[in-house]
Amino acid sequence: MIKRSAEPLLWMTFSAGGVVAALVLPVLLFLFGVAFPLGWLTPPSVTHLAAVIGHPLTRLALVVVCTVSLFHAAHRFRYTLYDGLQIKHLNELIAILCYGGAVVGSLASVYLLATF
Amino acid sequence: MAHIAEHYTEYHPRWLRPHISTYWWLRKWSYFAFILREISSLFVAWSVVYLLLLVYAAGQGAAEYEAFLEWSRQPWVMALNVSSLALVAFHAVTWFNLAPQALVVHVGHKHVPGSLIAASNYVAWVVVSAIVAWLLIGG
């Protein structure tokens with residue numbers, strides 16, 4: 001049996017996550033991280049927000065956003081440690097921690113949005 | 001990229017290669033921008049965590065949601081979110097500017113100019129942001 005490398009798949013999720021994170025995260029951070037806390041804009045009521053999140057399309061979109069963004073971050077951070085800090089002797093440990101974190105976060109998003 | 005598993009042995013001969021300082025990335029703006037872009041990954045991860053905390057709070061009802069909004073006004077949370085916004089936006093801009101190099105599109109025999117590809121990414125950014133904002137505060 002040919003041992004296939006997971007590397008191409010990881011680079012693919014890295015790209016997909018890069019696009020999704022760039023398109024979706026800034027506006028959410030601006031609203032919930034800056035504009036609402038500073039009182040520039042009025043945050044949505046809990047009923048309105050729950051209705052938006054509760055829509056099947058939103059839930060699906062959020063799971064995709066969370067999953068690919070986390071894998072994007074994990075992949076990039078893994079190579080930051082390799083290239084930036086030149087930590088090369090902890091290859092396996094770094095990969096396990098980075099992708100492990102992404103897996104845990106993705107599962108949390110699936111659970112949260114499936115039971116929303 | 002070829003993946004080579006490195007296993008260091010005790011008696012490995014020393015390689016002849018120049019020593020590179022750990023702070024090499026402070027020497028030039030382009031190096032620093034590279035590291036900044038790399039570091040943006042941590043803030044992307046935090047943004048997702050923050051988003052999930054919000055989803056959880058909204059799912060728990062009005063009291064939890066109010067508590068989340070109150071918590072989001074704490075100075076350290078705001079500082080973290082303002083930095084995250086800056087770095088995630090930096091990620092977005094550098095990502096869209098790079099898109100023409102990753103994506104070479106041909107229509108017939110004509111090469112679609114890179115500026116057009118980058119521009120279409122920015123248009124998508126504006127459209128997605130507008131839809132999200134409309135869903136949350138306008139709809």
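The lining of the largest pocket comprises 11 nonpolar, 4 polar and 4 charged residues. In this scheme Ala, Val, Leu, Ile, Met, Phe, Trp, Tyr, Cys and Pro count as nonpolar, Asp, Glu, Lys and Arg as charged, and the others, Gly among them, as polar. The model is predicted: local features need pLDDT of at least 70, side-chain atom pairs count only at pLDDT 80 or more, and totals for chains, interfaces and linings use all residues. Residues are numbered from 1 along each chain as its sequence is written, chains are lettered from A in the order in which they are written, and side-chain values use heavy atoms, with hydrogens and water left out.

The largest pocket holds about 520 Å³ of space. A pocket is an open set of points on a 1 Å grid over the protein atoms alone, with protein on both sides within 12 Å along at least five of seven lines; a cavity is a set where a 1.4 Å probe fits but cannot get out, and lining residues have an atom within 4 Å of a point. Points are joined across faces, edges and corners, and a volume is the space filled by probe spheres set on them. Of the 19 residues that line the largest pocket, Phe14(A), Ser15(A), Trp95(B), Leu98(B) and Ala102(B) are the closest to its centre. Two or more lining residues come from each of α1 and α3 of chain A and α1 (29-60) and α3 (75-102) of chain B. Helices are DSSP runs (H or I, at least four residues), numbered from the N terminus. The largest share of this lining, 5 residues, belongs to α3(B).

The count is 1 cavity of 30 Å³ or more. The largest cavity has a volume of about 70 Å³. Its lining consists of Leu25(A), Leu28(A), Leu29(A), Phe32(A), Ser47(B), Tyr50(B), Leu51(B) and Leu54(B). By class, 7 of these are nonpolar, 1 is polar and none is charged. α1 of chain A and α1 of chain B each supply at least two of the lining residues.

Chain A and chain B bury about 4,800 Å² between them, 77% of it on carbon and sulfur atoms. Buried area is the accessible area (1.4 Å probe) that two parts lose on being put together, summed over both. Leu23(A), Leu29(A) and Arg76(A) supply 14% of the area that chain A buries against chain B, more than any other three residues. The contact (heavy atoms within 4.5 Å) takes 51 residues from chain A and 52 residues from chain B.

Salt bridges pair a side-chain nitrogen of Lys or Arg with a carboxyl oxygen of Asp or Glu within 4 Å. Over all chains there are 3 salt bridges. Glu7(A) pairs with Arg78(A), with the closest N and O atoms 3.8 Å apart. Glu7(A) lies in helix α1 of chain A and Arg78(A) in helix α3 of chain A, so this pair ties together parts 71 residues apart in sequence. Across the interface of chain A and chain B, 1 salt bridge is found. There, the side chains of Arg76(A) and Glu38(B) meet at 3.6 Å, N to O. On the side of chain A that touches chain B, α1(A) gives the most, with 18 residues.
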